[in-house]
Amino acid sequence: MSARPGLCGGHQAHWCPYRDQQLRFGVVLRCCALGDRVTEDVTFLIDRRPVILLESTCSRLSEEQFLPVEDAHPLRRIARILEKHIVLLNRSYFHGDQNMKHMIKVFRFLAICTISVAFATLSIASAQVYTSIDKPQVLSNAVANGPIHFDVSSPLSAALLTAPAQQGDRVTHAPIQPKLFQLRGALQSNVGAAGGALQPLIGSPISATVGLSFEGVGMADLALHNCSALLGFHVAPPDTNAAVGDTQVVQWVNLCYAVFDKSTGATILGPIAGNAFWQGFGGPCETSNDGDPIIQWDKSNHRWLAAQNVFSPPYMTCIAVSQTADATGSYYRYAFPQPGFPDYPKWGLTRSVYYQTQNIFDPILVFGVNVCAYDGKSMLKGSSKAMQVCIFDNSNGTFFDDSMLPADDDSDSGPTNREVLLGSIDNFFPGDTHVYEYVFDVNFGNPAKSTLAGVNGSMPISVPAFNLAFCSGQFRITDCVKQPGTIYQLDTLGDRLMYRLAHFDERGTQHFLVTHSVNNTTAVAARWYEFRAQGLGTTSLSLYQSGQTPDDGEYRWMGSVAMDKMGDIAIGYSRSSAASGDYPSIYYAGQTAGDPLGTTEAEALIKQGSGSQTDTVDRWGDYSSMALDGADSCTFWHTNEYYPVTAGFRWDTWLASLKFPNCR
């Protein structure tokens, strides 16, 4: 992205975090210091296309007026006024209200005048972090919403497919790094393991073997399931994820999905555009196909859940819940509001409640995490009165909390309204010795009684010290991964835990597994954890074991981890290095039940890449997935990306089933 130099109160414009993150607003917002004025139009180039910021004037406001300490704060007064209209604004998309356009202009004007102040506050407040608090902090500021819109779809198998003319290459918006400026300011080349980071390995190869293995949806021109032919353009990265049902596997990538037969790998449906889930629904759920998709299988109720956020005002979450176990059938469809730009949404399903988290970036709300619970019981019945209950967490003003993952139930452990979440690993540089826990207790009958505990990092869990997978990258401080034959390095997303937080209940012992990328002495490693809590519904977690891939010069990142019913652990990830022929490839490792704690068996190959990724703003991922088949609770399904040739925007994906021999 580049900008034509413009004046901001007679000075060069200050660095803008939204520019750095390449967001796709209809109008790109210009960042100015307090009291500055935008005195001319500014043209930015996003993905080689011009976007113009119209000339606007920001009022001079004293710094004291913007301190977020009391309700008298002018931004909070504005927020309260706008809050009364946000649902009406959302609904207007579905009813052709022409006032909507004017209201969006108001939002944008206010954003221009407040965005730099908001992020200045964020930069100051984010330094005020805590890791040792006697009593967990709790929020009880829940907001309950009914659906903006609801209907029942026709069968997906009847969706219309069109093939537009080719339109070039596009990059989806990069996940915003909440602590970007705090960490960039402290960044130095920190390749070198923190104390306790290295974990022992077992030399023998992992005993799990690959079963069914086949090509998924891709952007390569010769891909078997070519998404670009459907969209009319190439896009990166894939945001690869998949879920496995009774008889089908559904894979959803940017910006298409497909349904496969679980026994043979044969294609049942697709590829088809992601927003086909909402074809005929109306509004931005139907017209937007913005990426960050998640497909999930509700193991308790044998239903599919598909979700995708809308990343332009009015922001919302689009949800489709299948009527049956057939992913090609009809869906109950919902749209619910979000209070700001809802970045990097992640999901965790339980028997009766569906949980969603996203980092919220908004010039009025500043920054926070919106933790939402959806009434799964009602959605499964197709009730138009299904409720969304959300708690907006700004860490009590310190902005400590971010990038949370809700636990996703792999074991049909029974109904509970208390959800465990983990996150916030990016508050210290070069790293930390904690992962931070949160507990969301939702009450749909009386939403005001819903609570979020652990706010402001007040429920830390001790883990071996780690170094964030950061470096002096070309586009982002997480662009660290080397590839053969190119100067382009790939994004580790090393500032957050990686999807999913897998939960398995083994006769009352709660297992929680998650992974993230860390620096070791030579490259980047995939670190994984198993946390435990004793007793059904217990939410007091402690570390049971942690493991890590080898420190051998190979880069291993973009991992996902899960556990089967015997206690075997499988972790899938990407692997690469600068060595000739060592192209980004898909590997798996893990631990067989009975192995010494903290050990990781030697990895095995799933799919060898045969090319490096070039000229794609270094984006890779932004996530993969390791799904557990609920039919036997033994078979894992991993999906990830690779390149068949050295190119940009020509990725392909692969799906593979894995199984340990002792699980039956």
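Predicted model: local features only at pLDDT ≥ 70, side-chain atom pairs only at ≥ 80, totals over all residues.
1. Four strands make up an open sheet in the order β11-β44-β43-β42, and the pairing is antiparallel. At the edges sit β11 (209-215) and β42 (625-628), each pairing on one side only. On average, neighbouring strands here are turned by 20° against each other, ignoring direction.

2. Inside that sheet, have a look at β43 (residues 636-642) and β44 (residues 652-659), which pair antiparallel over seven bridges.

3. Now the charged pairs: the count comes to 22 salt bridges. One of them joins Arg-418 and Asp-441, at 3.9 Å from N to O. Arg-418 belongs to strand β28 (residues 418-423) and Asp-441 to strand β29 (residues 431-441), so the pair links distant parts of the chain, 23 residues apart. Arg-418 has a relative accessible area of 38%, so it is partly exposed; Asp-441, at 29%, is partly exposed too.

4. Arg-496 and Asp-495 form a salt bridge at 3.0 Å, N to O. Both residues are buried.

5. Glu-554 and Arg-575 also meet in a salt bridge, 3.4 Å from N to O. Glu-554 is in the loop between β37 (542-548) and β38 (555-563), while Arg-575 is in strand β39 (residues 569-576), so the contact ties together parts 21 residues apart in sequence. Glu-554 counts as buried at 13% relative accessibility, and Arg-575 is buried at 14%. Through shared partners, salt bridges join Asp-552, Glu-554, Arg-556, Arg-575, Asp-582 and Glu-603 into one network.

Methods: Residues numbered from 1 in each chain as written. Heavy atoms only, no water. Pairing = 2+ DSSP bridges. Helix = DSSP H or I, 4+ residues; strand = E, 2+ residues; numbered from the N terminus. Axes fitted to C-alpha atoms, helices over the stretch in contact; angles between N-to-C directions. Salt bridge = Lys/Arg side-chain N within 4 Å of Asp/Glu carboxyl O. Buried < 20%, exposed > 50% of the residue type's maximum accessible area, 1.4 Å probe, protein only.
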